[in-house]
Amino acid sequence: MAEYKLKVTTGAMKHAGTMDHIYVILLGTEGQSPRTELNNLGIDFITRAYKVKTSSSLGKLLLVKVEKDPFLLFPEDEWYCSKIEVTTPEDEEIVFPCYRWISRGEFVELRGGKGLTFLKYNITNADTLKKELDQVSLELSVSENLNFAVWFPTFIIPEYVSEHWKEDDFFGFQFLNGTNPNVIKCCSKLPPNFPVTDEMVRPFLETGTTLEKEMEEGNIFLCDQKIMDGIPTRQKDGNHLYVAAGLCLFYKNPEGKLLPIAIQLYQQPSEQNPIFLPSDLETDWLLAKLFFRSSDLIQHQTLYHLMHTHYLAEVFTVATFRCLPTIHPLYKLLIPHFRYTLHVNILVRKLLLSPGGASLGVEGLTELMRRDLSQMTYSSLCLPENITERGLELIPNFYYRDDALKLFAKAMVEYYYSSDSDVIKDIEIMDSDSATGFPSCFNTIEEVAKFITMVIFRVSAQHAAVNNGQYDYNSWVPNGSLLLCKPPPATKGQSSMQTVLETLPDVEDSVKIMSAARILSEKYTDVVLLGEFPEEHFDEPRPKEIIKALQVDLYYLREEIAARNSQLEIPYTYLNPDVVENSVTI
């Protein structure tokens with residue numbers, strides 16, 4: 001007779017326990033245990049101990065099968081199982097992670113906590129390996145657990161925005177450290193459709209220099225909104241709404257400030273599409289910046305927030321569930337970063353892609369995303385390469401870049417792949433499709449580390465960078481509105497402050513825009529921050545040591561960012577580990 005000791009842990013969230021009957025079967029290399037009921041009376045919660053007896057040892061323990069049957073005529077009563085810890089007759093302790101809701105009639109197969117690639121585990125039935133991988137729902141009953149806290153934001157930055165939104169240096173600052181630090185790039189040669197001359201901008205450059213010289217020295221930057229060209233807009237109350245597809249030239253002055261020096265609001269130059277300058281009529285220049293910021297905000301929300309974090313996170317989530325067994329080390333490494341992602345994306349489709357809320361309707365938003373997807377490249381998603389390609393390695397006061405580049409690490413990948421040959425032998429990471437630079441296979445540890453880092457960064461830090469500041473910068477609607485009611489100015493000298501007010505949305509739409517920014521910047525009570533792992537998927541000592549080292553690094557990064565921010569007029573807080581979530585959850 002052999003005895004197995006089980007410790008079964010139920011999640012601590014609301015309604016996690018169950019009155020139903022819970023059964024387990026232990027499977028090992030030498031056989032399996034009888035179907036045994038975990039005979040606890042009452043609602044299961046936190047951790048309880050049980051015993052499973054067999055006629056002899058089961059050998060190396062591979063699986064724990066869990067089943068839930070109804071108790072009497074009670075209605076459906078889901079159970080959230082966190083993990084099952086088993087002590088074998090040979091005194092080996094094995095953790096079987098679960099961390100999911102289990103419904104009646106389900107057979108859930110749990111595998112031991114040690115991370116193993118395909119060639120290192122030994123289960124004879126390949127179908128069994130893949131059985132649970134097609135389950136793409138990620139706790140869709142999560143709404144009961146997303147308990148929003150009563151939270152009122154500190155109004156320091158929104159108040160600053162309302163006071164400084166007209167200022168050129170603040171306009172430029174936002175393209176580095178606002179909600180969309182993804183579009184500006186160094187300009188060494190003007191595009192042919194943006195005929196800015198030296199005479200136009202010389203008054204805004206340092207005395208004695210020229211536009212050509214400043215481009216040669218890397219002090220001129222460009223933001224080009226050509227992806228917006230020809231995008232259809234919608235109507236509101238029978239009237240057309242408007243977007244720009246402009247170009248903006250920036251100058252980094254000797255004080256390190258980034259200043260806009262020329263704005264053209266459509267792609268093709270003409271007499272009806274003038275180049276606006278800081279020396280123009282104040283309201284002309286203000287309108288040019290307003291239209292340019294509006295299109296930037298639409299790109300930010302649709303592409304860099306929705307497409308490049310939410311939807312890519314969904315792709316990574318589904319691919320992980322479908323392609324990697326739960327015992328695979330990359331599954332264990334990635335799964336904490338997909339918490340609630342599928343659920344929030346279902347809500348996103350209903351809210352953000354419904355008619356209304358922006359100058360673009362569903363047709364325009366869809367076309368914009370289609371264009372973006374057609375030109376998306378792997379290097380554009382990998383931050384170090386992205387920064388280099390845009391020529392932004394040396395531009396000062398770029399706090400997004402400085403903080404983001406410190407969040408890269410590869411220690412966990414190197415632990416499980418001791419050599420490049422181990423990578424090549426792992427068939428479960430060799431089936432991805434090649435397109436626009438995305439890897440079709442991996443041949444080295446470095447390639448795997450780069451890809452996994454890109455995924456984790458994009459669903460945690462990058463999402464924080466483009467999401468968390470929305471109330472700060474976008475709650476003051478004149479600083480950047482998703483919706484504009486008048487066409488961009490076609491001639492200079494004809495505008496007034498009344499023109500600006502008529503261009504901006506009315507009070508009702510402004511409140512909607514502000515409310516959306518508030519909701520998307522909201523905090524809730526059960527947030528899991530970057531570096532926190534409440535679900536224990538790794539069982540070996542070394543991965544636990546790597547996690548602790550990561551947490552130490554994040555602690556020092558918190559201190560470093562806080563010290564820098566204490567010296568700044570406008571602090572950059574969005575990549576402080578104190579506010580970076582582990583996954584896309586809102």
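In helix H2, which spans residues 156–164, the buried residues are Ile-157, Pro-158, Tyr-160, Val-161 and His-164. They lie on the same side of H2, because they cover an arc of only 160° around the axis. Ile-156 and Glu-163 are exposed, and they sit on the face of H2 that is turned away from the buried side. What do the buried residues of H2 pack against? Their partners are helix H3 (168–177) and helix H16 (470–474). The model described here is a predicted one.

Is Phe-250 buried or exposed? Its relative accessible area is 0%, so Phe-250 counts as buried. Setting aside neighbours within four places in sequence, Phe-250 is in contact with Phe-171, Gly-172, Phe-175, Ile-184, Asn-219, Ile-220, Phe-221, Cys-223, Leu-258, Leu-259, Pro-260 and Ile-261. One of these contacts, Cys-223, is 27 residues from Phe-250 along the chain, yet their C-alpha atoms are separated by 8.1 Å.

Next comes a pair of helices. Helix H6 (residues 282–323) packs with helix H9 (residues 362–375) at an angle of about 60°, and their axes are 10 Å apart. An angle of that value makes H6 oblique to H9. The crossing of H6 past H9 is right-handed. On the H6 side, the contact is made by Ile-298, Thr-302, Leu-303, Leu-306, Met-307, His-308 and Tyr-311. On the H9 side, the residues are Leu-365, Leu-368, Met-369, Asp-372 and Leu-373. Sorted by class, the contact of H6 with H9 has nine nonpolar residues, two polar and one charged.

The last topic is the backbone. Most residues other than glycine have a negative phi. Tyr-99 is not a glycine, but its phi is positive, at about 50°. This residue is in strand S8, residues 93–102. Tyr-99 counts as buried because its relative accessibility is 9%, and the cut-off for buried is under 20%. Asn-397 is not a glycine either, and it has a positive phi of about 60°. Where is Asn-397 placed? Its place is in the loop between helix H11 (383–389) and helix H12 (399–404). With a relative accessibility of 34%, Asn-397 counts as partly exposed.

Definitions and conventions
Residues numbered from 1 in each chain as written. Predicted model: local features only at pLDDT ≥ 70, side-chain atom pairs only at ≥ 80, totals over all residues. Heavy atoms only, no water. Buried < 20%, exposed > 50% of the residue type's maximum accessible area, 1.4 Å probe, protein only. Helix = DSSP H or I, 4+ residues; strand = E, 2+ residues; numbered from the N terminus. Arc of directions from axis to C-beta. Contact = heavy atoms within 4.5 Å. Axes fitted to C-alpha atoms, helices over the stretch in contact; angles between N-to-C directions. Parallel < 35°, antiparallel > 145°, perpendicular 65-115°, else oblique. Left-handed = near helix turned anticlockwise from the far one by under 90°. Nonpolar A, V, L, I, M, F, W, Y, C, P; charged D, E, K, R; others polar.
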